[in-house]
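Subject: Predicted model for your review

Dear colleague,

Please find below the model that I am handing over to you, together with my notes on it. I would be glad if you read the notes with the structure open beside them.

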Amino acid sequence: MAEFDVIVIGGGPGGYVCAIRCAQLGLKTACVEGRGALGGTCLNVGCIPSKALLNATHHLHEVHENFEKMGLTGAKVKVDWAKMQSYKQDVIDGNTKGIEFLFKKNKVTYLQGWGSIPAAGQVKVGDEVHSAKAIVIATGSEPASLPGIEIDEDTVVTSTGALSLPKIPKSMVVIGAGVIGLEMGSVYARLGTEVTVVEYLDAITPGMDGEVAKNFQKILTKQGLKFVLGAAVQGVEKGKGKNTVTYKLRKDESEAAIEAEVVLVATGRKPYTAGLGLEAIGVEMLPRGQVKTDAHWATSVKGIYAIGDAIVGPMLAHKAEDEGMAVAEVIAGKHGHVNYDVIPGVIYTTPEVASVGKTEEVLKQEGRAYKVGKFSFMGNGRAKAVFQSEGFVKLIVDAGTDRILGCHIIGPSAGELIHEICVAMEFGASAQDVALTCHAHPTFSEAVREAALACGDGAIHA
């Protein structure tokens, strides 16, 4: 039996970051991972491979739509799907092997296999039982499905199967208009697939600022995606060379059907805690399958903690990373902290969509007085030069104090631009603070400054 100060179960973004931070704080640490590669869903079958395909297909779009406008002409570019898949795998391998290197560098013991907790202070991996003063559950999540749908990862797929289809399908139905569905739908639409997105609610991207969501849907529609909103999917019937998705429109209960070669089920994710044996040792669970934790990520069993997708909160890799670092601090006797009010969210389509803080809809429900400063990328010279002038920056501030309450961006590099506002919010900054900060010209970030100016006397270039 090997003895450790900390054993982290799960080698995804939350788990591997937690393990490295524990080691940096002087704790003898091990990380258990059964997948065969570190990085969890994110690096292996999620964030990273999807960004590789988004990047490749974005360049394809640029070649076909914009190169000639810039005076770049030549033979028509063709898609080599096998080579694109190979590129994607190279990106995955480079990242996962990088984590193995970081484990060696920080002296984290990598325990390969599926872990369980037979008793408090013990972790079993294969036939071996190891002891630990603290155990961190970082087992992540798995795709959720709907009744009446049988996933085969062949023609009825989750995001995992969608990343590695044997060929580019002629048609695809995406069930769910959230982040995963729209990113993967965007990839295949650029590759020539006829993509139809079916969503239960009356708007795409649930929880997003309403104005941004409406503009986002218009832009994606122009890019070729079709949308059926307010539709409750009843089931998927598999046929030879095609699948039939049946749905019922919520407004009038009428039924309809769509046929497609591939059906992508993108209806969210659920915590993955199977096989850990949590119930047997008395770890309290929540009704929706999450592990119940207190403000310090401790479970109901002393010495056992949980982070990331396995607990309450947005299922985001960077949220898990923050919790991983924070719980490491707690275990080391320090003060761990996560500011849950400043966790950005990004959709990596083109244009990108990014947000942090509160939406107008939430502030109206709270009855809080606020001001909005908006600036369109049509007024941004850099955006116009690269054919990405669709979209805008929307900054929301307290009406009385000018303190920034939220920001919502749809436009070029939105996922990078949002972090200026994250830092500003972390320091309790006002819109005026951002407006008085010099921004380099010409950059996309000038649009953020202009939105801040719009919260005061007005933007310059609007």
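Residues are numbered from 1 along each chain as its sequence is written, and side-chain values use heavy atoms, with hydrogens and water left out.

UniProt, in an unreviewed entry, lists residues 4–324 as "domain: FAD/NAD(P)-binding"; its positions are given in the numbering used here, with shortened feature names, and annotations may be inferred rather than shown by experiment. Over residues 4–324 the chain is 31% helix and 26% strand, and the end C-alpha atoms lie 17 Å apart. Helices (H or I, at least four residues) and strands (E, at least two) are DSSP runs, numbered from the N terminus.

Helix packing comes next. Axes are lines fitted to C-alpha atoms, for helices over the stretch in contact, and angles run from 0 to 180 degrees between N-to-C directions. Helix α1 (residues 13–24) packs with helix α4 (residues 81–105) at an angle of about 20 degrees, their axes being 10 Å apart, and α1 and α4 are therefore roughly parallel to each other (angles under 35 degrees count as roughly parallel, over 145 as roughly antiparallel, 65 to 115 as roughly perpendicular and the rest as oblique). The crossing of α1 and α4 is left-handed, a term used if the near helix is turned anticlockwise from the far one by less than a right angle, with right-handed used if clockwise. Tyr16, Ala19 and Ile20 of α1 make the contact with Ile99, Leu102 and Phe103 of α4, where contact means heavy atoms within 4.5 Å. By class, the contact of α1 with α4 has six nonpolar, no polar and no charged residues (Ala, Val, Leu, Ile, Met, Phe, Trp, Tyr, Cys and Pro count as nonpolar, Asp, Glu, Lys and Arg as charged, and the others, Gly among them, as polar).

The axes of α1 and helix α8 (residues 317–331) come within 7 Å and cross at roughly 30 degrees, and α1 passes α8 in a right-handed crossing. The residues in this contact include Tyr16 and Arg21 of α1 and Glu321 and Met325 of α8; by class, the contact of α1 with α8 has ten nonpolar, two polar and three charged residues.

Helix α3 (residues 47–65) and helix α6 (residues 179–190) pack at about 35 degrees, with their axes 9 Å apart, and their crossing is left-handed. The contact of α3 with α6 divides into five nonpolar, four polar and three charged residues.

Turning to the strands, β12 (residues 231–238) and β13 (residues 243–249) pair in the antiparallel sense over seven bridges, where two strands pair if DSSP finds at least two bridges between them. β12 and β13 form a hairpin with four residues between them, and Gly241 in the turn has a positive phi of about 80 degrees.

Finally, five strands form an open sheet in the order β18-β19-β22-β21-β20, with antiparallel pairing. β18 (345–347) and β20 (370–376) stand at the edges, each with a single partner strand, so one side of each is left without a neighbour in the sheet. Seven bridges join β20 to strand β21 (residues 392–398), and the bridge partner of Ser376 in β21 is Phe392. Helix α11 (residues 414–426) packs on the sheet, touching β18, β19 (352–357), β21 and β22 (404–411), and its direction makes about 10 degrees with that of β19.

Note on methods:
This is a predicted model: local features need pLDDT of at least 70, side-chain atom pairs count only at pLDDT 80 or more; totals for chains, interfaces and linings use all residues.
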